[in-house]
Amino acid sequence: MSLNARSALVTGSTSGIGLACARALAREGANVCLNGFGDAAAIENERAAIEREFGVRCIYDGADMSKPAEIARMVARVEEAFGAVDVLVNNAGIQFVSPVEDFPPEKWDQIIAINLSSAFHAIRAVTPGMKQRRWGRIVNTASAHSLVASPFKAAYVAAKHGVVGLTKTVALELATFGVTANCISPGYVWTPLVEKQIPDTMKARGLSREEVIEKVLLSAQPTKQFVTVDQVAAALVFLCSDAASQITGTNISMDGGWTAA
Ligand code: NAD
């Protein structure tokens, strides 16, 4: 197991991509902190399952990633519980679909806070420890929307482009400290985040559910298949390996060819 004795914090890991990433890191031997919202009993089930299945320690912290003070508190708690945050996965994210003229300003602020600023606050908090230990992996879940736009997603596309700039900057600053910073940019992954935007996309574009899946979602992906959460998690595990120690400041596309077009 490649991550024995390492510790990881995965934001937004009560669901979807983040949960798959947390489980994959635990499978590699890392202690893991889960974060995100959801039903308390369901989260406790996931937490206990990770400890049971992989023989690591797993804690849960419900920090709201739109609140900088809660992010700092969570990082301090994980460092105290596990002795370090060696792997930080900035994954928490939300979506909102609306024409720009109707886009609620408070939704803009919320998406920038959760999808972009939270990564800055978490990176800021873990960096001193990673530099001191001279080892770290920062992996940010960006998106195909970090490279290309789609209409009606102004805040999301802006935030994801921003995450790439943040990642490149941090990669340069930490390059001599054994710390890498990279993005993984999936195309459409079948998760609750995608499922939840279907009704609004139906409204914004005047389409049926099936038409949204075929004409909006999978039409962007030349392979005509959704990416799986386990494929994203496998890329994360690779970025955490020694083989990837010279991969830093990059944005790895996993989008079925979407951004090649
Ligand atoms: P998801 O809705 O299944 O999971 C999102 C997670 O973020 C959940 O655990 C949720 O509780 C958490 N979260 C939301 N707001 C939060 C907050 N304020 N504080 C703490 N946690 C919060 O979505 P997903 O599809 O797994 O998305 C995960 C990441 O992947 C996001 O950054 C998303 O933008 C990105 N992404 C998703 C897709 C896709 O097609 N699903 C594609 C590209 C990128």
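Let's start with the ligand: in this predicted model, 30 residues surround the ligand, and the closest are Thr14, Ser15, Tyr156, Val189 and Thr191. Some of these neighbours can be looked at atom by atom. The side chain of Thr14 puts an N or O atom 2.7 Å from an oxygen atom of the ligand. Ser15 also uses its side chain, with an N or O atom 2.6 Å from a ligand oxygen. For Val189, it's a backbone N or O atom that lies 2.6 Å from an oxygen atom of the ligand.

From there, let's move on to how the helices pack. Two packed helices are described by the angle between their axes and the distance between the axes, so those are the numbers to look for.

Take helix α4 (residues 105–133) and helix α5 (residues 154–174) to begin with: their axes come within 8 Å and cross at roughly 15°. An angle under 35 degrees counts as roughly parallel, so that's what α4 is to α5. Their crossing is right-handed. On the α4 side, the contact includes Trp108, Ile111, Phe120 and Lys131, while the α5 side includes Ala154, Lys160, Leu166 and Leu174. Sorted by class, the contact of α4 with α5 has 16 nonpolar, three polar and two charged residues.

Now find helix α1 (residues 16–27) and helix α8 (residues 229–240), which pack at an angle of about 45° with their axes 8 Å apart. That angle makes α1 oblique to α8. Here too you'll see a right-handed crossing as α1 passes α8. From α1, the contact draws on Gly16, Ile17, Ala20, Cys21, Ala24 and Leu25; among their partners in α8 are Val229, Asp230, Leu236 and Cys240. By class, the contact of α1 with α8 comes out as eleven nonpolar, one polar and one charged residues.

Last stop: helix α6 (residues 192–205) and helix α7 (residues 209–217), whose axes come within 9 Å and cross at roughly 95°. Angles of 65 to 115 degrees count as roughly perpendicular, and so α6 is roughly perpendicular to α7. Which residues of α6 meet α7? They're Val194, Glu195, Ile198, Thr201, Met202 and Arg205, and they meet Arg209, Val212, Ile213, Val216 and Leu217 in α7. The contact of α6 with α7 divides into seven nonpolar, one polar and three charged residues.

Note on methods
Residues numbered from 1 in each chain as written. Predicted model: local features only at pLDDT ≥ 70, side-chain atom pairs only at ≥ 80, totals over all residues. Heavy atoms only, no water. Axes fitted to C-alpha atoms, helices over the stretch in contact; angles between N-to-C directions. Helix = DSSP H or I, 4+ residues; strand = E, 2+ residues; numbered from the N terminus. Parallel < 35°, antiparallel > 145°, perpendicular 65-115°, else oblique. Left-handed = near helix turned anticlockwise from the far one by under 90°. Contact = heavy atoms within 4.5 Å. Nonpolar A, V, L, I, M, F, W, Y, C, P; charged D, E, K, R; others polar. Near = heavy atom within 4 Å. Polar contact = N/O pair within 3.5 Å; in protein donor to acceptor, adjacent residues only side chain to side chain.
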